[in-house]
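Here are a few notes for a first look at this model. Please keep the structure open beside them as you read.

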Amino acid sequence: MAPMAVALILGWWLVAASRAQQLPRPSLSLHPSQGVSLGDNVTLRCHLPLPAAWVWLYLEGRWSYAKYIDKKQDMTEFSFLSTSREHAGTYLCQYQVSESEDVSVMSDPVKLVLTDRIFPPPHISLHPEERVGTGTNVTIRCWNKDYGAAFLLHKDGHSAPIQRLVPDDVGAVSFTLFGVTPADSGTYRCSYHPKNHPFLSSPLGDSVTLEVTPTAAPPGAELVSRGNLVVAVVRDWAAVLIFALGIFFVIDACSLWIRRDESLGGEGI
């Protein structure tokens with residue numbers, strides 16, 4: 001009897017899993033997606049590819065929240081009016097279709113990282129300072145020896161950090177921008193995740209500004225370039241002239257041979 005019960009349970013689980021695979025995956029988005037501080041309002045939106053009756057929001061490893069919705073909706077919202085440390089973490093959502101027990105697979109995860117201003121902002125330095133030429137390697141150094149467990153490099157105009165590094169023993173990191181171009185020009189700042197708090201962040205620190213200028217041509221390069229152009233043109237015309245003279249001499253030689261043959265033929269008659 002026990003083996004039969006196990007088989008029935010296993011069969012039900014396989015059917016449920018196959019049904020879940022047949023349902024399109026929902027998607028989860030966070031608003032605002034960056035720069036959220038403790039106490040701010042946050043909304044998580046679960047986007048539904050099919051009409052659903054129930055939607056679940058999961059905070060990974062901690063809790064879940066279920067919401068019954070109108071089957072006509074293609075999206076449902078979960079809002080936190082004043083975020084606390086307990087809200088920070090990784091979220092997923094899932095839905096159950098209307099008038100059925102079919103449940104979808106989980107959405108891709110979304111991370112809610114909260115800025116906690118109790119942590120001091122990091123320090124930052126730039127080397128070489130400010131203005132550099134195209135192709136230069138630039139180092140941006142960030143440090144906070146007391147709290148930083150992982151440092152993030154931010155560039156103004158980018159919604160997400162552009163680099164992430166774990167600090168050395170003295171709590172410092174060096175971000176390297178290799179072979180910079182004018183597109184790397186801009187304002188940079190650092191933040192860090194405090195030790196033992198991967199979903200909390202320090203405030204952004206002071207900024208440094210990088211200006212990348214196009215590399216100027218060496219002195220006299222324009223004159224050399226013009227001289228090379230003149231040489232190339234003269235060489236081409238000389239080749240054309242030699243070719244034309246060659247054709248002329250071939251035609252002239254052929255004409256001479258024809259006249260000679262005609263002259264010999266006349267004498268024979």
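1. Start with His87. In this predicted model, His87 sits in the loop that links strand 6 (75-80) and strand 7 (89-97). Its relative accessible area is 18%. Buried means under 20%, so His87 counts as buried.

2. What does His87 touch, leaving aside residues up to four places away in sequence? The contacts are Leu59, Phe80, Ser82 and Leu112.

3. Turn next to the largest pocket. Its volume is about 680 Å³. The lining has 31 residues, and those closest to the centre are Gln34, Gly35, Val113, His154 and Pro161. By type, the lining residues divide into 13 nonpolar, twelve polar and six charged.

4. Which strands each supply at least two residues of that lining? They are strand 2 (36-37), strand 8 (110-112), strand 9 (114-115), strand 13 (148-155) and strand 16 (186-194).

5. Seven of its eight residues are buried, so the rest of the structure largely encloses strand 13.

6. Strand 13 has antiparallel partners. Seven bridges join strand 13 to strand 16. Here His154 stands opposite Arg189 of strand 16. Three bridges join strand 13 to strand 14 (residues 163-165), also antiparallel. On that side, Leu152 stands opposite Arg164 of strand 14.

7. One residue links these points. His154 is among the residues closest to the centre of the largest pocket, and His154 also faces Arg189 in strand 16.

Key: Residues numbered from 1 in each chain as written. Predicted model: local features only at pLDDT ≥ 70, side-chain atom pairs only at ≥ 80, totals over all residues. Heavy atoms only, no water. 1 Å grid on protein atoms, 1.4 Å probe; cavity = no way out; pocket = protein on both sides within 12 Å on 5 of 7 lines; lining within 4 Å. Points joined across faces, edges and corners; volume = space filled by probe spheres on them. Helix = DSSP H or I, 4+ residues; strand = E, 2+ residues; numbered from the N terminus. Nonpolar A, V, L, I, M, F, W, Y, C, P; charged D, E, K, R; others polar. Buried < 20%, exposed > 50% of the residue type's maximum accessible area, 1.4 Å probe, protein only. Pairing = 2+ DSSP bridges. Contact = heavy atoms within 4.5 Å.
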